[in-house]
Amino acid sequence: MTDLTAAGASRPVDATRDHYMVLTRRKRMYGGILIVIFIVLMASGFRLADARNAGGFWDGIHMFFDFPSEVVAEAWEKRANLPELFWQFVPSLIETLNIAAVSTLLGALVAMVVSLLSTRGLARFPRLIPVFRRMMDGMRAIPEIVIALILIFLLGGGPVPAMIAIAFHTGGALGKLFSEVAENADLKPVEGLRSVGATWFQQMYLGVLPQVAPNWLSYGLMRFEINIRASAILGFVGSGGIGYDLKIAMQWGTGRYDEVVAIFLLLFATIVIVDQTSSHYRNRLVRGH
Amino acid sequence: MTATDTGTDGLSATRAEVGRLFARKRMMAFGLPALVLAYLVYVFFAFDIPGLAGRAKLDNAVILVSDFVSYKTHVSRDNRDGRITYAIEGENKGTYPEGMIPGFVTETGESVLIDLGEGHRVAYAGTAATYDHPDFGPIVLDLVDGRVALDTGGQAVPDWINASNTRVTITTDRGRMSMTRNRTETFVYSYGWELFFFTLDSPFHGKSFGELAGLALSGERIDPARSNFASMVGDFWNNAMWRHKDVVWAIFETILMAFLGTMGAALVALPLAFLAAANFTPVRSLRFATRRVFDFVRGVDGLIWTIILSRAFGPGPLTGSLAILITDSGSFGKLFSEALENVDEKQVEGLKSTGANSVQRARFGVLPQLVPVLLSQVLYFLESNTRSATVIGAIVGGGIGLMLTQAIITQKDWEEVTYYIVLIVVMVMLMDTVSGWLRGRLIKGKA
């Protein structure tokens with residue numbers, strides 16, 4: 001730079017400016033091409049999806065509010081039933097919440113161990129780090145529904161298949177996040193503990209855990225929010241909890257729409273309350289106070 | 001940290017404070033695990049885990065594992081007209097065409113000899129059938145006056161033979177034979193996934209890889225209209241047993257759902273996020289309303305949107321995309337508006353000083369700061385939505401999720417289930433890699 005200005009001539013400046021303009025133009029062209037490709041992909045994708053759908057988009061769009069209004073109308077007629085129905089579905093709601101909570105806990109326990117084992121500088125067996133990493137990738141990649149459906153075949157219905165399926169996935173997903181946090185942990189406490197002869201477990205429990213606990217807890221809470229949704233969906237596809245009740249009520253169709261509305265409202269309220277509470281606590285955990 | 005007095009009063013107070021702090025930490029260190037343990041014990045009984053052992057179906061596990069690695073061929077004789085058919089898994093599309101028999105069978109006139117391996121043999125001769133067990137000796141079954149007669153050569157009937165007047169079933173570790181009045185049937189187990197590449201009606205069935213390569217490169221045309229390589233690809237693609245064509249389409253549909261849903265949601269959420277960000281929308285009530293809309297859309301949850309949408313649009317990938325689109329526009333709206341509130345004001349002020357209007361300020365002052373955050377979030381969601389699209393597909397009826405649930409519900413095509421699972425895992429890992437690579441390119445490469 002100093003050389004250029006020292007030369008003082010206008011020609012190098014012109015050349016620089018031309019070069020800059022060429023670069024800018026090229027950048028704009030690339031950007032434009034990318035946007036065109038993106039628009040073409042989106043448009044053709046929607047047309048293709050529309051063509052392969054049983055009912056077309058334009059035929060369906062005016063029916064979008066038909067079903068909700070039908071459901072709400074029937075529920076409004078029977079609104080006197082709602083309080084009683086709420087009580088009726090509270091046990092299933094608790095089951096759904098339990099599935100989410102236990103699978104988050106178990107998944108987090110697995111994730112704690114595996115993430116520490118796969119973090120450079122902390123791992124008990126440094127040579128096995130790639131093995132544990134691939135293991136987490138695999139656990140994350142298998143969708144919950146796959147494990148849940150197979151376990152339903154083996155173990156019968158109920159909450160356990162969903163719990164195991166979600167816990168498995170949670171282990172992989174949290175493991176990755178946990179390990180990213182643990183990578184930034186200060187190694188000095190660990191070295192100090194090692195110098196006085198602490199075992200690996202003691203080093204982790206006393207040296208690393210206090211440092212990473214706030215972030216880990218915050219990720220765990222976020223996962224709990226996600227897992228409530230997952231546990232409701234898995235219930236709908238096959239086992240336990242309020243999702244299953246919803247499926248039964250939906251299959252019955254007209255006549256039980258008051259139940260559908262009761263379940264919708266319970267689920268909605270739960271998700272909103274848990275989201276708000278957990279985001280409040282997450283902010284406190286990560287920002288300190 | 002706090003200014004301590006030189007006096008002993010301050011020191012002891014500090015010491016007491018430290019003591020309390022330690023006591024609290026100790027409480028946390030032991031209390032929290034104890035709480036978790038107590039909760040797990042409660043759930044242990046709430047989920048009836050002790051009763052699980054009784055409900056678990058171990059024989060299902062055996063079926064599952066054996067079906068993963070092997071398949072069975074049904075050799076059945078219709079006892080009314082004497083016709084013999086060979087069918088893989090007993091399915092219509094796996095039936096051997098006329099004049100073609102499996103390798104373990106020898107046909108001589110009326111009689112059929114089936115070699116089950118390790119000295120186990122089954123022979124059909126007329127209505128009679130003999131199971132030759134190497135340790136037990138021959139077991140002869142025949143139809144007498146419409147009933148099944150069992151002759152074990154004078155020995156007691158062992159527990160692996162299940163016999164009544166109307167049906168006799170012999171089950172050994174090499175295979176299984178049963179006879180009723182209408183039908184004599186033998187199941188022969190073989191390792192592998194049957195007919196994965198070519199079905200029985202294809203001329204390429206049963207050929208080794210070398211033979212196939214030879215045919216593809218230089219052999220005479222089997223079908224004069226097409227080259228051998230083209231017919232091979234065609235036969236594989238249209239395989240009726242494994243439906244490779246449908247599977248590829250289903251995977252494509254799943255990725256399409258994830259892509260359209262995620263990108264659509266980002267496009268919808270971006271303008272709305274400006275309305276919800278405090279530094280762009282001074283009107284408080286408007287901000288509040290937009291935020292509540294985001295909360296509502298997120299709170300209703302994908303499951304409920306999926307149900308409502310599939311009522312309106314019917315099953316298919318469009319319904320799935322729209323479900324992802326609606327749910328995620330809530331999440332994106334929240335994330336984007338938070339990112340917008342963290343935007344550095346200096347660049348916007350600089351643009352303002354040059355007389356840029358609000359659209360220009362947004363385009364050149366805000367977007368460049370926002371793009372990295374936005375792109376990385378979108379790519380994260382794209383990856384996780386590939387997984388969600390599998391589940392949503394199972395509910396709305398589209399993509400690989402539907403094929404997977406259908407295969408699991410039949411409870412016998414476990415090799416197909418394995419195949420789909422492998423494909424799903426590969427698909428998700430691929431999306432993971434691609435999105436990670438793109439994140440690296442777009443965000444780090446540009447900065």
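1. Basis. This is a predicted model, where local features need pLDDT of at least 70, side-chain atom pairs count only at pLDDT 80 or more, and totals for chains, interfaces and linings use all residues. Residues are numbered from 1 along each chain as its sequence is written, chains are lettered from A in the order in which they are written, and side-chain values use heavy atoms, with hydrogens and water left out.

2. Interface extent. Chain A puts 64 residues in contact with 67 of chain B (heavy atoms within 4.5 Å). The two chains bury about 5900 Å² between them, 76% of it on carbon and sulfur atoms. Buried area is the accessible area (1.4 Å probe) lost on putting two parts together, summed over both. Arg52(A), Phe64(A) and Phe153(A) supply 12% of the area that chain A buries against chain B, more than any other three residues.

3. Salt bridges. The rule finds 4 across this interface (a side-chain nitrogen of Lys or Arg within 4 Å of a carboxyl oxygen of Asp or Glu). Asp275(A) pairs with Arg298(B) in a salt bridge, the closest N and O atoms being 3.6 Å apart.

4. Composition. The side of chain A that touches chain B has 46 nonpolar, 11 polar and 7 charged residues. Nonpolar means Ala, Val, Leu, Ile, Met, Phe, Trp, Tyr, Cys and Pro; charged means Asp, Glu, Lys and Arg; the others, Gly among them, are polar.

5. Helix pair. Val110(A), Val114(A) and Leu117(A) of helix 5 meet residues of helix 6 of chain A, including Phe132(A) and Met136(A). Helices here are DSSP runs (H or I, at least four residues), numbered from the N terminus.

Definitions and conventions. Helices (H or I, at least four residues) and strands (E, at least two) are DSSP runs, numbered from the N terminus.
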